[in-house]
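Thanks for asking me to look this over.

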Amino acid sequence: SIIDVTDPSTPLEVAFISGPEAFYIWREIKTHLHYAYVTQDGVSNDPNAGMQIIDLSQLPATATLMNTYKTNLPNGTAHNIYIDNGFAYLAGTQTGSSVVILNLSNPIAPVEVGRWGSTYWHDVIVKNDTLYGSAGSSVRIDIVDGKNKPNLKLISQAPYPGGYTHNAWMTDDNNYLAQTDESHDRPLNFWEVSDHANPELVATYTAGPGSIAHNALIRGNYA
């Protein structure tokens, strides 16, 4: 659903793009040029499942579904997407790989150019061809050199006790990383990652007993 919030007091839905239905459905959306890329998780055997590619160039009048990418994605599933420098990085797929990389040179017809790892990644963020993967029940952050897309190389791993590594987000200077857990009573962790080979846990934040920091984003000086 795309909402025009030009007038905050009267938000207006300008487009609705149908997708697959399931008992549990998760969407993740990132943009590249004038396209939105929508991944889905929790879909099983739905012919409409896959990464939806939506043309936003006609906004605020409307938006149009241009393609649904499902090549080599079992059930069209990807829990998470991040886009950087013309490449889409898909995590949480059912491929058996940690991450699948797509070239977006043709924005409506992506081409797979690489994949890496065998540990499940729930989330990935990419900065300057460096991947930071949230490794779910493996309870760690994987830092991977992604310059050579067909041949990614592990730089380091940052394990910590307990939890379920759910997501990570970078500060603007790329020196620090905020990491969350999809678990109650786990703190929000801040890692210094200026030295990719030696990530260091430098601070934690807890909102209170029973709290859960499920997802972090950073904008300027605020997380």
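How many salt bridges does a search of the whole structure find? The search finds five. Please keep in mind throughout that this is a predicted model.

1. **Arg140 and Asp142.** Let me begin with a salt bridge that is out of the solvent. The side chains of Arg140 and Asp142 meet with N and O 2.5 Å apart. Both Arg140 and Asp142 are buried. The two residues belong to strand β13, which covers residues 140–145.

2. **Lys147 and Asp145.** Another of the salt bridges joins Lys147 to Asp145, and here the closest N and O atoms are 3.7 Å apart. Is Lys147 buried or exposed? Lys147 counts as exposed because its relative accessible area is 58%, and the cut-off for that word is over 50%. Asp145, with a relative accessible area of 25%, is partly exposed.

3. **Arg115 and Glu112.** These two side chains also meet in a salt bridge, at 2.9 Å from N to O. Arg115 is partly exposed, at 31% relative accessible area. Glu112 is partly exposed as well, with a value of 26%.

4. **The four-stranded sheet.** Now for the strands. An open sheet is built from four of them, in the order β11-β12-β13-β14, with antiparallel pairing. Which strands lie at the edges? They are β11 (123–127) and β14 (153–159), each of which pairs on one side only. From one strand to the next, the twist averages 20°.

5. Five bridges hold β12 (residues 130–134) and β13 (residues 140–145) together in the antiparallel sense. To find your place in this pairing, look for Leu131, whose bridge partner in β13 is Val144.

6. **Strand β8 and its cover.** Elsewhere in the chain, β8 spans residues 87–93 and is mostly covered. How many of its seven residues are buried? The count is seven of seven. As background, side chains in a regular strand alternate between the two faces of the sheet.

7. **β8 with β7.** Strand β7 (residues 78–84) runs antiparallel to β8, and six bridges join them. Asp84 has Phe87 of β8 as its bridge partner. The hairpin of β7 and β8 has two residues between the strands, and Asn85 takes a positive phi near 50° there.

8. **β8 with β9.** Strand β8 also pairs with β9 (residues 99–103), again in the antiparallel sense, over five bridges. Leu90 stands opposite Val100 of β9. In the hairpin of β8 and β9 there are five residues between the strands, and Gly96 takes a positive phi near 85°.

9. **Aromatic pairs.** The structure holds three of these. One of them is formed by Trp116 and Trp121, with 5.6 Å from centre to centre.

How values were computed:
Residues are numbered from 1 along each chain as its sequence is written. This is a predicted model: local features need pLDDT of at least 70, side-chain atom pairs count only at pLDDT 80 or more; totals for chains, interfaces and linings use all residues. Side-chain values use heavy atoms; hydrogens and water are left out. Buried means under 20% relative accessible area, exposed over 50%, partly exposed in between (1.4 Å probe, protein chains only). Two strands pair if DSSP finds at least two bridges between them. A salt bridge is a side-chain nitrogen of Lys or Arg within 4 Å of a carboxyl oxygen of Asp or Glu. Rings of Phe, Tyr and Trp (its six-membered ring) pair if their centres lie within 6.5 Å; planes under 30 degrees apart count as stacked, over 60 as edge-to-face and the rest as tilted. Axes are lines fitted to C-alpha atoms, for helices over the stretch in contact, and angles run from 0 to 180 degrees between N-to-C directions.
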